[in-house]
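Hi,

Here is the structure I promised to pass on.

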Amino acid sequence: MPLDKKGLVERARRAGSASAKARWKKTIPRDAKLILAYKRLTGAFLSKDDEISAIIFLKDIGLGPNPPEDGSVLNHLAIALGLTKDRVQRILQKAKK
């Protein structure tokens with residue numbers, strides 16, 4: 001059954017919507033772990049469970065549990081995650097609200 005132009009547009013719209021939902025579902029857990037990792041690297045108080053999950057996340061993205069020597073935690077996390085420094089800042093600011 002061939003689709004006309006209107007059918008193709010509707011199909012593409014649904015596919016784009018499904019793709020956006022899938023990306024959004026993946027970023028929620030990553031952002032939560034990113035916030036814990038940032039708090040861990042900056043020296044904020046974390047519960048034992050949160051500290052362990054932050055260390056596991058840091059190891060999963062290829063970083064160690066210690067903060068970088070030059071002190072640029074945002075750059076450190078951004079490079080490891082493949083995000084920009086501004087995007088990491090927006091994630092952290094959203095968490096403060």
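This is a predicted model: local features need pLDDT of at least 70, side-chain atom pairs count only at pLDDT 80 or more; totals for chains, interfaces and linings use all residues.

By "exposed" I mean over 50% relative accessible area, with buried under 20% and partly exposed in between (1.4 Å probe, protein chains only). Helices here are DSSP runs of H or I with at least four residues, strands are runs of E with at least two, and both are numbered from the N terminus.

Residues are numbered from 1 along each chain as its sequence is written, and side-chain values use heavy atoms, with hydrogens and water left out.

Back to α4. Its buried residues are Val 88, Ile 91 and Leu 92. Looking down the helix axis, these fall within an arc of 95 degrees, so they line one face of α4; the arc is taken from the directions from the helix axis to the C-beta atoms. They pack against α1 and α3, where contact means heavy atoms within 4.5 Å. The length checks out too: the 12 residues of α4 should span 16 Å at 1.5 Å a residue, and the end C-alpha atoms are 17 Å apart, which agrees. That expected span is 1.5 Å times one less than the number of residues.

Lys 96 itself sits in helix α4 and counts as exposed because its relative accessibility is 74%.

Now α1, which covers residues 5-42. Its 38 residues should span 56 Å, and the end C-alpha atoms are 54 Å apart, which agrees. Among its buried residues are Asp 31, Leu 34, Ile 35 and Arg 40. The cover over the buried residues of α1 includes α2 (48-60), α3 (73-81) and α4 (85-96). Just after α1, Gly 43 has a positive phi of about 90 degrees.

In α3, the buried residues are Val 73, Leu 74, Leu 77 and Ala 78. Seen down the axis of α3, they fall within an arc of 125 degrees, so they line one face of the helix. Their cover includes α1, α2 and α4. Just after α3, Gly 82 also takes a positive phi, of about 80 degrees.

The largest pocket has a volume of about 190 Å³, and its lining is Ile 35, Tyr 38, Lys 39, Leu 74, Gln 89, Leu 92, Gln 93, Ala 95 and Lys 96. The elements giving two or more residues to that lining are α1 and α4, and α4 has the largest share, five residues. A pocket here is an open set of points on a 1 Å grid over the protein atoms alone, where a 1.4 Å probe fits, with protein on both sides within 12 Å along at least five of seven lines; lining residues have an atom within 4 Å of a point. The volume is the space filled by probe spheres set on the points, which are joined across faces, edges and corners.

Lastly, Gly 62 is in the loop between α2 and α3, and counts as exposed because its relative accessibility is 62%.

Cheers
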